[in-house]
Amino acid sequence: MIIDKQTIYKVADLARIAIKEEEIGALIPDMNKILTFMEKLNELDTIGVEPLIYMNTEENVWREDVVKQEISVEDGLKNAAVHNESFFFVPKIIEK
């Protein structure tokens, strides 16, 4: 397939990209090189090659989710302006 001026405008319209007239001269050879490369890739024998979703087969290893007490309730409430034994008191900001 050979890319011409009309094809450049059609692709730009589909991609919703504004292209100036002076840019077309540089885009035609670039897009032709891309298509030539893609045709070379199509010549490769890919029989028996598993399709990939990701570029590597590694799986993410997650740590165990363990609840632990980092600070005590008293230490957490120590610098609070207003609080009771277990909770912060904050001003009401939503009106009915």
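Leucine 41 lies in helix H2, which spans residues 24-42. The model is a predicted one. Start at this leucine and look at its surroundings. Leucine 41 is partly exposed, since its relative accessible area is 35%. Leu41 also belongs to a nonpolar surface patch, together with Ile34, Phe37, Met38 and Leu44. The patch covers about 490 Å². A residue needs over 30% relative accessible area to join such a patch. With 35%, leucine 41 is over that cut-off.

Threonine 36 is another residue of helix H2. Its relative accessibility is 46%, so threonine 36 counts as partly exposed. Now look for the start of the chain. Methionine 1 and threonine 36 are 35 residues apart in sequence. In space, their C-alpha atoms are 8.6 Å apart.

Next comes the packing of the helices. Helix H1 runs over residues 5-14 and packs against H2. The angle between the two is about 90°, and the axes are 10 Å apart. That makes H1 roughly perpendicular to H2, because angles of 65 to 115 degrees fall in that class. Which residues of H1 and H2 meet? From H1 come Lys5, Ile8, Tyr9 and Val11. From H2 come Ile24, Leu27, Ile28 and Met31.

Stay with lysine 5, one of the H1 residues that meet H2. The lysine 5 side chain also forms a salt bridge with the side chain of glutamate 21, at 2.6 Å from N to O. This pair links distant parts of the chain. Lysine 5 sits in helix H1, while glutamate 21 sits in the loop between H1 and H2. The two are 16 residues apart. Lysine 5 is partly exposed, because its relative accessibility is 39%. Glutamate 21 is partly exposed as well, with a relative accessible area of 45%.

The loop between H1 and H2 also holds arginine 16. Check its backbone. Most residues other than glycine have a negative phi. Arginine 16 has a phi near 55°, a positive value in a residue that is not glycine. Is arginine 16 buried or exposed? Arginine 16 is exposed, because its relative accessible area is 76%.

Return to the salt bridges. How many are there by the rule of a side-chain nitrogen within 4 Å of a carboxyl oxygen? The count comes to three. Lysine 5 and glutamate 21 make one of them. Lysine 68 and glutamate 70 make another, with their closest N and O atoms 3.8 Å apart. This distance is within the 4 Å cut-off, so the pair counts. Lysine 68 is exposed at 61% relative accessibility. Glutamate 70 is exposed too, with a relative accessible area of 61%. Aspartate 75 also forms a salt bridge, with lysine 78. There the closest N and O atoms are 3.6 Å apart. Aspartate 75 is partly exposed, with a relative accessible area of 43%. Lysine 78 is exposed, because its value is 58% and the exposed class begins over 50%.

Now move to the loop between H2 and H3, where leucine 52 is found. Leucine 52 is exposed, with a relative accessible area of 56%. Compare its place with that of leucine 27, one of the H2 residues that meet H1. Leucine 52 and leucine 27 are 25 residues apart in sequence. From C-alpha to C-alpha, the pair is 31 Å apart in space.

The last stop is the segment after helix H3, a helix that covers 73-77. Alanine 81 is found in this segment. At 84% relative accessibility, alanine 81 counts as exposed. Leaving aside residues up to four places away in sequence, asparagine 84 touches Leu77 and Phe89.

Conventions:
Residues are numbered from 1 along each chain as its sequence is written. This is a predicted model: local features need pLDDT of at least 70, side-chain atom pairs count only at pLDDT 80 or more; totals for chains, interfaces and linings use all residues. Side-chain values use heavy atoms; hydrogens and water are left out. Patches are made of residues with over 30% relative accessible area and no salt bridge: like charges are joined within 9 Å, nonpolar side chains (Val, Leu, Ile, Met, Phe, Trp, Tyr) within 5 Å. Accessible areas come from the Shrake-Rupley method with a 1.4 Å probe; for residues, only the protein chains shown count as cover. Helices (H or I, at least four residues) and strands (E, at least two) are DSSP runs, numbered from the N terminus. Buried means under 20% relative accessible area, exposed over 50%, partly exposed in between (1.4 Å probe, protein chains only). Axes are lines fitted to C-alpha atoms, for helices over the stretch in contact, and angles run from 0 to 180 degrees between N-to-C directions. Angles under 35 degrees count as roughly parallel, over 145 as roughly antiparallel, 65 to 115 as roughly perpendicular and the rest as oblique. Contact means heavy atoms within 4.5 Å.
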